[in-house]
Amino acid sequence: MKLPPTWTTRTVSTQDGRQSAMLASFAPKDARSLVHMDIGLRPGPFVEAHFAPREGRNTVPGDDAVELFRSLDLDGIADERARLRRIVDRISEKFVYKHSTGRTDAPLTCDLLTGNCLDINSALMKLLRLANVKHAYYIGYFVEEGQSAAGRHCWVSTVSQGRYENWDIAHHLKRDVQRVEAGLNPIAGLRFAMSSGWDPVFDLDSMKVEMHHLATPRWIFPDGSTADCKVKATVSQVTQPEAIA
């Protein structure tokens, strides 16, 4: 990341220690500076900590998720992969993809819901949590093949019977693909994660900073609130095969 030379930086971690970030401080005259990022993609190891259970307001199952989970009747299914398949199918059947920056408060017990990748993955993780399927949430950027601009996107990874898989239900629904398969498909392009986990909480000096996720750099204000930061990003060193879908 390229920052003005007058800025100071230090590394900070979430309260649970699973997510690190760079905290950059600046003089008032630099407040409108544009942040430049040069993102280099490279192979990385499986991170077990990403799949540990986490508390978070957006992923803790409510009564509606519990009721939907009970309707799946998974007690009679001993095979964990079959349980995972049924959960993925139910979320795929329940949602219609709709790009939106807002969040829906409609309960999961509704017959049909509209939502973006955040809504869909939040619902998916609630059911996975109730089924005790190990999973991780990733959010970052997606550049569709043939396009020059990147948009934020998120997906979920699972570990079931020793098998690691990625799930992108939102992109399947966006392309009207009825059968959702594991993998970062079906929309061709480049995607890469910027952070893992939902609802990170940072203790910064005398204040607590909470946010839904840390997909892109964010401004932090004196009251602990945050807002998106204007970023100019370039991508290089594309060497990770799984990043290309």
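**Entry 1. The hairpin**

How many residues lie between β7 and β8 in the hairpin that they form? I looked this up first in the predicted model, in which local features need pLDDT of at least 70, side-chain atom pairs count only at pLDDT 80 or more, and totals for chains, interfaces and linings use all residues. Residues are numbered from 1 along each chain as its sequence is written, and side-chain values use heavy atoms, with hydrogens and water left out.

I found 2 residues between the two strands, and Gln161 in the turn has a positive phi of about 50°. Strands here are DSSP runs of E with at least two residues, and helices are runs of H or I with at least four, both numbered from the N terminus. Strand β7 covers residues 151–160 and strand β8 residues 163–167; they pair in the antiparallel sense over 5 bridges. Pairing requires that DSSP find at least two bridges between two strands. I noted Thr158 opposite Glu165 in β8.

**Entry 2. The sheet**

I then followed the open sheet of 4 strands, whose order is β8-β7-β6-β9 with antiparallel pairing. Its edge strands are β8 and β9 (189–196), each of which pairs on one side only. From one strand to the next the twist averages 35°. Strand β6 (residues 134–144) joins β7 in the antiparallel sense over 9 bridges. Lys134 has Val159 in β7 as its bridge partner.

I also recorded that α2 packs on the sheet, touching β7 and β8, and that its direction makes about 5° with that of β8. Helix α3 packs on the sheet as well, touching β6 and β7, at about 15° to the direction of β7. Contact means heavy atoms within 4.5 Å. Axes are lines fitted to C-alpha atoms, for helices over the stretch in contact, and angles run from 0 to 180 degrees between N-to-C directions.

**Entry 3. The helix pair**

How do I describe two packed helices? I use the angle between their axes and the distance between the axes. For α2 (residues 80–94) and α3 (residues 117–130) the angle is about 150° and the axes are 10 Å apart. That makes α2 roughly antiparallel to α3, a term for angles over 145 degrees.

In the contact, Leu84, Ile87, Val88 and Ile91 of α2 meet Ile120, Ala123, Leu124, Leu127 and Leu128 of α3. I counted 9 nonpolar residues (Ala, Val, Leu, Ile, Met, Phe, Trp, Tyr, Cys or Pro), with no polar and no charged ones.

**Entry 4. Confidence**

Finally, I checked pLDDT, the predictor's confidence in each residue from 0 to 100. The protein averages 84, and 89% of the residues score at least 70.

Conventions:
Angles under 35 degrees count as roughly parallel, over 145 as roughly antiparallel, 65 to 115 as roughly perpendicular and the rest as oblique.
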